[in-house]
Each structure stands twice: as structure tokens, then as C-alpha cells.
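Subject: Structure handover

Hi,

Here is the structure for you to look through. My notes on it follow below.

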Amino acid sequence: MTTNRSCGPCTLCCAIFGVPEIAKEVYQPCVHCTERGCSIHATRPPSCRNFECFWLMDDNFPDDLRPDLCGVVVSWNEDHDSVVLHLDPDRPDALAESPGADWLPVLLQVYDPVFVVCGEDKMMIRRE
Ligand code: SF4
Ligand code: SF4
């Protein structure tokens, strides 16, 4: 899906995922991360270039669900048959407050179960 969106100042996935090409570990800060985004955006590694979160892929999701604003990065699971909500480790309650709380009902309409990851903590959530 093509959208007019860009990451803008969001770098939340950079803070969460590992980037093997630059030996960046999971949940470790990236040396290329700045307040205005990635300082090597044009030449960023393939792992970064190939990743798009759900908010970036689909502009039907509201602007305030941009990951840095809501504290949640939504992405496919490995099999692309469900989704994983990765919480900002500095905001472990992101799904309990607005706007992050808006993700779950929307995603559960389509996917069952969905998965939530925050650091070492992993949880599966089923549609009721
Ligand atoms: S979490 Fe999404 S919007 Fe934020 S930097 Fe990553 S891909 Fe871009
Ligand atoms: S290289 Fe850029 S896009 Fe990749 S993790 Fe670092 S700041 Fe993010």
C-alpha cells in the first residue's frame, strides 16, 4: 500500500528493533537517531529501509496513532497472519491510555489473536 505518509520525527521502531547491519541491539539506542529522525535516512541499512509499521502503511489510521505519539509500533508477525504491538519501553501503559488504547479494538476486528510485546514481557490478546 502506498501512502503520503512519512515517519517525520518518529524514530520509535529505531529504539525497539535490532539492526544487524550496524550491530544495533534490540532496545538499544541507535547512534544515527536524532530528534528530527534518522541522520542517515538516504543511506540507512536495508533492515531499516524495508520496515514499515502499520501507521506508516495505511493513512486510514489517525495521525495521533503515529508511534512516537501513542507509544505503540504495530507491525506484522513473522508469518504475516497476525500483528504485534510493540510498546515503547518507556511507556509500558501505552495501551491503557489514549490514543494508544485505540489500536486494540481496531486490530481485533481483523486479527485474532494479536500479540503485545514490551521488553521481555509478551502477551497474547484474544477477541472476546
Ligand atoms: S515506527 Fe513507523 S512511523 Fe515510526 S519511524 Fe518506524 S516506520 Fe516510521
Ligand atoms: S539507522 Fe536510522 S532508521 Fe536505522 S535504526 Fe538507526 S536511526 Fe533508525
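First, a definition: a residue is buried if 20 or more other C-beta atoms lie within 10 Å of its own, exposed if 12 or fewer, and partly exposed in between, with C-beta atoms placed from the backbone. The model is predicted, so local features need pLDDT of at least 70, side-chain atom pairs count only at pLDDT 80 or more, and totals for chains, interfaces and linings use all residues. Residues are numbered from 1 along each chain as its sequence is written, while chains are lettered from A and ligands numbered from 1 in the order in which they are written.

Start with Ala23. Ala23 is exposed, because 8 other C-beta atoms lie within 10 Å. Its phi is positive, about 55°, although Ala23 is not a glycine. Ala23 sits in the loop between helix 1 and strand 1 (33–34). Helices (H or I, at least four residues) and strands (E, at least two) are DSSP runs, numbered from the N terminus.

His80 also has a positive phi, near 60°, and is a residue other than glycine. The loop between strand 3 and strand 4 holds His80. His80 counts as exposed, because there are 8 C-beta neighbours inside 10 Å.

Two peptide bonds deserve a look. Ser98 and Pro99 are joined by a cis peptide bond, with omega about 5°. Pro99 is in the loop between strand 4 and helix 5 (103–108). The bond from Asp112 to Pro113 is cis too, with omega near 5°. Pro113 is in the loop between helix 5 and strand 5. For context, most residues other than glycine have a negative phi, and most peptide bonds are trans.

Domains and core

The domain assignment gives domain 1 (8–51) and domain 2 (52–128). Such bounds come from an automatic or database domain assignment. The centres of domain 1 and domain 2, taken over C-alpha atoms, are 19 Å apart. Domain 1 puts 8 residues into the contact, and domain 2 puts in 10 residues. Contact means that the C-beta atoms of two residues, placed from the backbone, lie within 7 Å. On the domain 1 side, 7 of the touching residues are nonpolar, 1 is polar and none is charged. Here Ala, Val, Leu, Ile, Met, Phe, Trp, Tyr, Cys and Pro count as nonpolar, Asp, Glu, Lys and Arg as charged, and the others, Gly among them, as polar.

The largest nonpolar core has 25 residues. A nonpolar core is a set of buried Ala, Val, Leu, Ile, Met, Phe, Trp, Tyr and Cys residues joined through C-beta atoms within 7 Å. Cys53, Val72 and Leu95 are among those with the most contacts inside this core. Elements giving two or more residues to this core include helix 3 (54–57), strand 3 (72–76) and strand 4 (83–87). Helix 1 gives the most, with 5 residues. Both domain 1 (8–51) and domain 2 (52–128) give residues to this core, so it lies between them. Beyond four places in sequence, Cys53 touches Cys13, Pro67, Val73, Val74 and Ser75.

Ligands

Ligand 1 is surrounded by 13 residues, and the closest are Cys7, Cys10, Cys13, Cys53 and Pro67. Near means that a residue's C-beta atom, placed from the backbone, lies within 6 Å of the molecule or strand. This shell draws at least three residues from each of domain 1 and domain 2. Helix 1 and helix 3 each supply at least two residues of the shell. By class, the shell around ligand 1 has 10 nonpolar, 1 polar and 2 charged residues.

The residues around ligand 2 include Cys14, Cys30, Cys33, Cys38 and Cys48. His32, Lys24 and Arg44 are also among them. The shell around ligand 2 has 8 nonpolar, 2 polar and 2 charged residues.

Strands 5 and 6

Strand 5 and strand 6 run antiparallel and are joined by 5 bridges. Two strands pair if DSSP finds at least two bridges between them. Val114 stands opposite Ile125 in strand 6. The hairpin has 2 residues between the strands, and Gly119 takes a positive phi near 60° there. Of the 5 residues of strand 6 (residues 121–125), 0 are buried, so strand 6 lies largely in the open.

Phe115 lies in strand 5. Phe115 counts as partly exposed, because it has 15 C-beta neighbours inside 10 Å. Its contacts beyond four places in sequence are Asn77, Ser82, Val84, Lys122 and Met124.

Best wishes
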